[in-house]
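Let's walk through this model together, one contact region at a time. Keep the viewer open as you read.

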Amino acid sequence: MLAKNENGFSKELVAYINEWKEKPGNLIMILHKVQEEQGYISRESAEKVSELLGVPLVKIWGVVTFYHFFKLTKPGEHNIQVCLGTACYLKGSEKIIEELDKQLGLKVGAVTPDGKFSLEEVRCVGCCGLAPVMTVSGEVFGKVTKAAVPGIIQKFM
Amino acid sequence: MAIRNYILVCGGTACESSHSDQIYNALVKEAKEQGVENEVQVVRTGCFGFCEQGPIVKILPEDSFYVKVKPEDAHELIAEHIIKGREVTRLLYDKTKSAKHAQVEDIKFYQKQFRIVLRNCGFIDPENIDEYIARDGYAALEKAIFEMTPEDIINELKTAGLRGRGGAGFPTWMKWNFTKQVDNPVKYVVCNADEGDPGAYMDRSTLEGDPHSVLEAMTICGKAIGAHQGFIYIRAEYPLAIHRLEVAMKQSRDYGLLGKDILGSGFDFDIEIRLGAGAFVCGEETALLQSIEGHRGMPMPRPPFPAVKGLWGMPTVINNVETWANVPVIIHKGGEWFSKIGTADSHGTKVFALTGKICNSGLVEVPMGTTLREIVFDIGGGIAHGKKFKAVQTGGPSGGVITEANLDTPIDFGSLVRIGSMMGSGGMIVMDEDDCIVDVAKFYLNFTVDESCGKCAPCRIGGRTLYHILEKITNGNGTMEDLDKLQEIGDAMRKASLCALGQTSPNPVLSTMKYFKDEYLAHIVEKRCPSGKCKKLISFTIDPEKCKGCSLCARNCPVGAISGELRKTYHIDQSRCIKCGVCHDSCKFGAIKVN
Ligand SMILES: Cc1cc2nc3c(=O)[nH]c(=O)nc-3n(C[C@H](O)[C@H](O)[C@H](O)COP(=O)(O)O)c2cc1C
Ligand code: FES
């Protein structure tokens, strides 16, 4: 995540947008790139995309809010995902969420006060054979027990 | 010196999360340090399917199957197996078979499997096109371009009897034929890699382990229907699969197998990747096409079908990843060969993601017509921790449960519908006696309510109402009329919803009501949850026989509901207990009873 570009877009991002500008169906691909760079899609970013593409803001906002993958608020430095897909749910992944709350005081959808961790529920990360599964900053942890949670968090402290 | 041994290391997402990349690096390093780097080749492959036992390392030609390997084991594997020719018994899957090798054929997990779709997963390096070609890759494309007419290609699929693996089982040749018959200069080929069913990962593993098979198949389709552009719509949550597809596309362009003038034939076909963004409904084909066009993923009424009016209004063939992966084999080996596998109703194989309360979870590919009993007990090794089998859920949020009584039904598209479930995309979730069936139905409804796009009222409002009724029942406030309401609303949603999301979302409720009526009644009439899962319906008590009075539970209770004197029996104040279960989990003597 490039924090220095909080409000502006980097050169690469603008170049990417220009490259895709004329392609039909470009909006979602561009929003992915914005989120990849900024970690989420702020109101300002959406306005900027609207300006660069000449697409009304309402259309962009409609797309951003439709898709779960796009985040509207800034995630923590390490985003934690706990899988609540069927396989993980049956194997008790809710307990992981409870444990994270106990360890970090972190609720689903929230960020810790120091901005270090955020917590998100996801539905199947495709590692169901390892259920229950959680990911931290994209690293996958399988067969997670309550007891293993503190150790996993420690790695990212 | 010639290569003596191949060491295959699983590089699927599940094994990578258990550090298979480090194992790969350690093996390469050890081979070098021990002076055998010219005699062994270490290959990073796609998923072996046996995720339960991962990370997996297989050494050829002995076919030794090592499980739960750690990076530290690399030294021993090279020193013992490669240099001294002695297997490392402690890492073999079946330690008793060590004298005669614990070979892949000896492993029950693989015995009943038959691999068409997963033919290359775990055998080749997915990032090396030469390995795909060495296993007959792109032979089908060559045949399709130079030896077959578009009609021949479609006829071959017709003979094969391939039906779509994305859920509905629609005959693939018919889709292609409709699209071919429409006279239009621009047509599209789309691969549905959205795989939204929670608990299913067949498509991911196929793309990660064998991306070229999908590229080859889409190009063949382009030739058959007269399209020059393809799109792969893939979940953004699958970064490794996206990466492997990108690598594969570049390599096949470099080899003249994709892009302009393929193999010098004058036929042009190229493919682009489009990312999904976490909306389950976008797996539905019309919503998916909307999403590729950059809109909110709202389904459209059909007809017109995508075959006639699809992406940007052009005729479009859309197939699922697994459907695609079957195509090159059918063209290469012939439809006749394919049609002999499976049942009369459904030919070929099906890949299932076997998960839940099962000993060997993983990916399994079996001929159509295999029974559930064979999958769950022979391949899957039965229920974990000696618990009792309760049901298998297939078809994800659109499917239903299959009980003990139907375990011997040979599975194909038709038979699953007859017993009240459906094939779906291939998620197979095993439940044991600890799982509450009403809770599971509520879980699926919660999912579909969340994922409903909101366009049509039956799905938007009906789903929510079903969910609330289930919530009421699991909270102990259900009445007998609620059962009738569930049935009535469910039936209405089936008939009146716009797309299959709403039409099928009542299935988990209706099917569990049919097979587990007594469990619903226990919740409603007796206010009791037989499996002890529904918190509002259970209570915790302390067994005086077992309690040692250690005070651990009292110290852990977050609301101070437990009191007592050291070394005497403790007591739970039911009026204060919030049923969080912390006492139950913390007691070392098993003295906390769930009622
Ligand atoms: C709510 C919903 C979700 C779906 N999700 C998927 C999916 O994740 N993957 C898929 O291939 N098909 C999915 N389908 C089925 C597709 O609409 C379509 O039938 C399929 O892509 C056709 O390909 P096939 O003929 O190869 O099966 C879904 C359908 C519905 C109604
Ligand atoms: S259900 Fe959790 S990874 Fe699939």
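Five residues of domain 1 of chain B touch six residues of domain 3 of chain B, where contact means heavy atoms within 4.5 Å. You are looking at a predicted model, in which local features need pLDDT of at least 70 and side-chain atom pairs count only at pLDDT 80 or more, while totals for chains, interfaces and linings use all residues. Residues are numbered from 1 along each chain as its sequence is written, chains are lettered from A and ligands numbered from 1 in the order in which they are written, and side-chain values use heavy atoms, leaving out hydrogens and water.

To place these two domains, note that the assignment for chain B gives domain 1 (5-106), domain 2 (129-339), domain 3 (349-432), domain 4 (437-524) and domain 5 (539-594); such bounds come from an automatic or database domain assignment. Taken over C-alpha atoms, the centres of domain 1 and domain 3 of chain B are 30 Å apart. Between them about 400 Å² is buried, with carbon and sulfur atoms giving 44%. Buried area here is the accessible area (1.4 Å probe) that two parts lose on being put together, summed over both. On the domain 1 side of chain B, Gly49(B), Phe50(B) and Glu52(B) lose the most area to domain 3, together 75% of what that side buries.

Now turn to ligand 1. Of the 18 residues around it, Gly166(B), Lys175(B), Asn319(B), Asn320(B) and Thr323(B) come nearest, counting a residue as near if one of its heavy atoms lies within 4 Å. An N or O atom in the side chain of Thr323(B) is 2.7 Å from an oxygen atom of ligand 1. Backbone atoms take part as well: a backbone N or O atom of Gly196(B) lies 3.1 Å from an oxygen atom of ligand 1, and a polar backbone atom of Gly283(B) is 3.2 Å from a nitrogen atom of ligand 1.

Finally, look at where the chains meet. Here 56 residues of chain B are in contact with 39 residues of chain A, and the area buried between the two chains is about 3700 Å², of which carbon and sulfur atoms give 56%. In chain B, Ala277(B), Arg296(B) and Phe443(B) lose the most area to chain A, together 16% of what that side buries. Six salt bridges are found across this interface. One pair to select is Arg123(A) and Asp450(B), which form a salt bridge with their closest N and O atoms 3.4 Å apart.

Technical notes:
Polar contact = N/O pair within 3.5 Å; in protein donor to acceptor, adjacent residues only side chain to side chain. Salt bridge = Lys/Arg side-chain N within 4 Å of Asp/Glu carboxyl O.
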